[in-house]
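Colleague: I have a structure open and would like to learn how to read it. Could you take me through some features one by one?

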Amino acid sequence: MNLFLQLVTAFCGSLGFALLFGLRRRYLLPAGLGGLLSWGVYLLLGRLLPSPFLACLAASAAAVVYAELLARFMRTPATLFVIPAVIPLVPGSSLYYAMSCVVQRDLASAREYGTQTLEFALAIAAGMSFVLAGRELQTRRK
């Protein structure tokens, strides 16, 4: 039940950001499904891989692949689907706890949460970059 609830929440969160960004009605469901997909990949690989960094990297790469394929199919920019798809991966809780620990002057915990936040942010950026760079190399070969 917890897994199902997490996936539904990821879908709703991505859908909410798609609404916030003013996506057209026909793009809302695919945008929400992108968030569900990325969080599902993260949860699945989080159990199989030894590092949450690698799971987040793979999940963000999956989100970009999904967005690129969907953009071609719907003839629209991939950015419309990438941003909502990676929203569930954004490390909000670890950033909150890092700032909370700084305010409470617990610097050891703040450093730990801050490092965790940076790792997740780097994983998201790297996963997106790998896919986009691969697509660019493929385009240049043709």
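Modeller: Gladly! Contact here means heavy atoms within 4.5 Å. Leaving aside neighbours within four places in sequence, Ser14 is in contact with Ala31, Gly32, Gly35, Pro84 and Pro88. This is a predicted model, in which local features need pLDDT of at least 70, side-chain atom pairs count only at pLDDT 80 or more, and totals for chains, interfaces and linings use all residues. Residues are numbered from 1 along each chain as its sequence is written, and side-chain values use heavy atoms, with hydrogens and water left out.

Colleague: Where is Ser14 placed, and is Ser14 buried or exposed?

Modeller: Ser14 sits in helix 1 (residues 2-20); helices are DSSP runs of H or I with at least four residues, numbered from the N terminus. With a relative accessible area of 0%, Ser14 is buried (buried is under 20%, exposed over 50%, partly exposed in between, with a 1.4 Å probe and protein chains only).

Colleague: How do I read a pair of packed helices?

Modeller: Two packed helices are described by the angle between their axes and the distance between the axes. Helix 2 (residues 25-48) and helix 3 (residues 52-74) pack at about 155 degrees, with axes 8 Å apart. Axes are lines fitted to C-alpha atoms over the stretch in contact, and angles run from 0 to 180 degrees between N-to-C directions. Helix 2 and helix 3 are therefore roughly antiparallel (the term applies to angles over 145 degrees).

Colleague: Which residues of helix 2 and helix 3 meet?

Modeller: Among them are Leu33, Leu37 and Val41 in helix 2, and Ala55, Ala59 and Tyr66 in helix 3. By class, this contact has 17 nonpolar, three polar and one charged residues. Ala, Val, Leu, Ile, Met, Phe, Trp, Tyr, Cys and Pro count as nonpolar, Asp, Glu, Lys and Arg as charged, and the others, Gly among them, as polar.

Colleague: How many disulfides does the structure hold?

Modeller: A disulfide is a covalent bond between the sulfur atoms of two cysteines. The structure holds zero, with the cut-off being a pair of cysteine sulfur atoms within 2.5 Å. Cys12 is partly exposed at 45% relative accessible area, while Cys101 is buried at 8%.

Colleague: And what about backbone phi?

Modeller: Most residues other than glycine have a negative phi. Arg75 has a positive phi, near 55 degrees, and lies in the loop between helix 3 and helix 4 (79-86). Arg75 is exposed at 78% relative accessibility. Arg105 has a positive phi near 60 degrees, in the loop between helix 5 (92-103) and helix 6 (107-141). At 72%, Arg105 is exposed.

Terms used:
Helices (H or I, at least four residues) and strands (E, at least two) are DSSP runs, numbered from the N terminus. Angles under 35 degrees count as roughly parallel, over 145 as roughly antiparallel, 65 to 115 as roughly perpendicular and the rest as oblique.
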